Amino acid sequence: MIKVLFVCTENKARSVMAAEIFRDLLKKEQRQDFVCQSAGFAAVNGAEIAENTVKVLNEIGIVPEVRESRKLTSDELAVWDIFFVVSDTHAYILEQAGVPTEKIYVCSYVKDLHGEDIEVFRECRDKLVGEVRKFYDILKMRIGMLL
């Protein structure tokens, strides 16, 4: 089982969207060899995810499994096989915490959505659909090389 953690700052929009898009992709591909979650460096455990996150995911047929944010703790860093982050800054924080660089996947920069309107959330969602697909294709290739 490959364990993937999607990480952003508050775990209310970007990492939640990416994880839900990834889960949806795994369902469509009938893959059961992955498990994923999302978390944020500055998340408040149990805070509601952004309303616009739910709306824009629903627009593409995804009903989020997770509706509350979760703070990433240092205790769980060793649990995850790979980290999908939305910026170089997030990658740097993980590296400083001792996560090996090869376990960090940095997607093309995704801007913080705090205070943005629904149209910006849609743009982010659409970008993340492509970024998650590219990430998944790279993972499949890596897995194939290991077999």
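**View A. F135 sits buried in the model, with a relative accessible area of 1%.** Buried here means under 20% relative accessible area, exposed means over 50%, and partly exposed lies in between, using a 1.4 Å probe and protein chains only. Y105 is buried as well, at a relative accessible area of 11%. This is a predicted model, in which local features need pLDDT of at least 70 and side-chain atom pairs count only at pLDDT 80 or more, while totals for chains, interfaces and linings use all residues. Residues are numbered from 1 along each chain as its sequence is written, and side-chain values use heavy atoms, with hydrogens and water left out.

**View B. Ten aromatic pairs turn up in a search of the whole structure.** In one of them, the ring centres of F6 and F22 are 5.3 Å apart and the planes meet at 55°, so this pair is tilted. F6 belongs to strand β1 (residues 2-8) and F22 to helix α1 (residues 14-28), so the contact ties together parts 16 residues apart in sequence. Both F6 and F22 are buried. Now look at Y105 and F135: their ring centres are 4.8 Å apart with planes at 50°, so they too form a tilted pair. Y105 comes from strand β4 (residues 104-106) and F135 from helix α4 (residues 118-146), so this pair links parts that are 30 residues apart in sequence. One aromatic cluster takes in F6, F22, F34, F84, Y105, F135 and Y136. For reference, rings of Phe, Tyr and Trp (its six-membered ring) pair if their centres lie within 6.5 Å; planes under 30 degrees apart count as stacked, over 60 as edge-to-face and the rest as tilted.

View C. A disulfide is called when two cysteine sulfur atoms lie within 2.5 Å. The closest cysteine sulfur to that of C8 is in C124, 9.1 Å away and too far for a bond. C8 is buried, with a relative accessible area of 2%. C36 is in no disulfide either, since its nearest cysteine sulfur, in C8, is 14 Å away. C36 also counts as buried, at 8% relative accessibility.

**View D. The largest pocket holds about 210 Å³ of space.** Of its 16 lining residues, K12, A13, A50, L113 and H114 are the closest to its centre. On a 1 Å grid over the protein atoms alone, a pocket is an open set of points with protein on both sides within 12 Å along at least five of seven lines, a cavity is a set where a 1.4 Å probe fits but cannot get out, and lining residues have an atom within 4 Å of a point. Grid points are joined across faces, edges and corners, and the volume is the space filled by probe spheres set on them.

**View E. Helix α2 (residues 51-59) has N52, T53, V54, V56 and L57 as its buried residues.** Just after α2, G61 takes a positive phi of about 85°. Stepping back, the chain has four helices and four strands, running β-α-β-α-β-α-β-α from the N terminus on. These elements are DSSP runs numbered from the N terminus, helices being H or I of at least four residues and strands E of at least two. Of the 147 residues of the chain, 46% count as buried, and the C-alpha trace spans about 45 × 35 × 25 Å along its principal axes.
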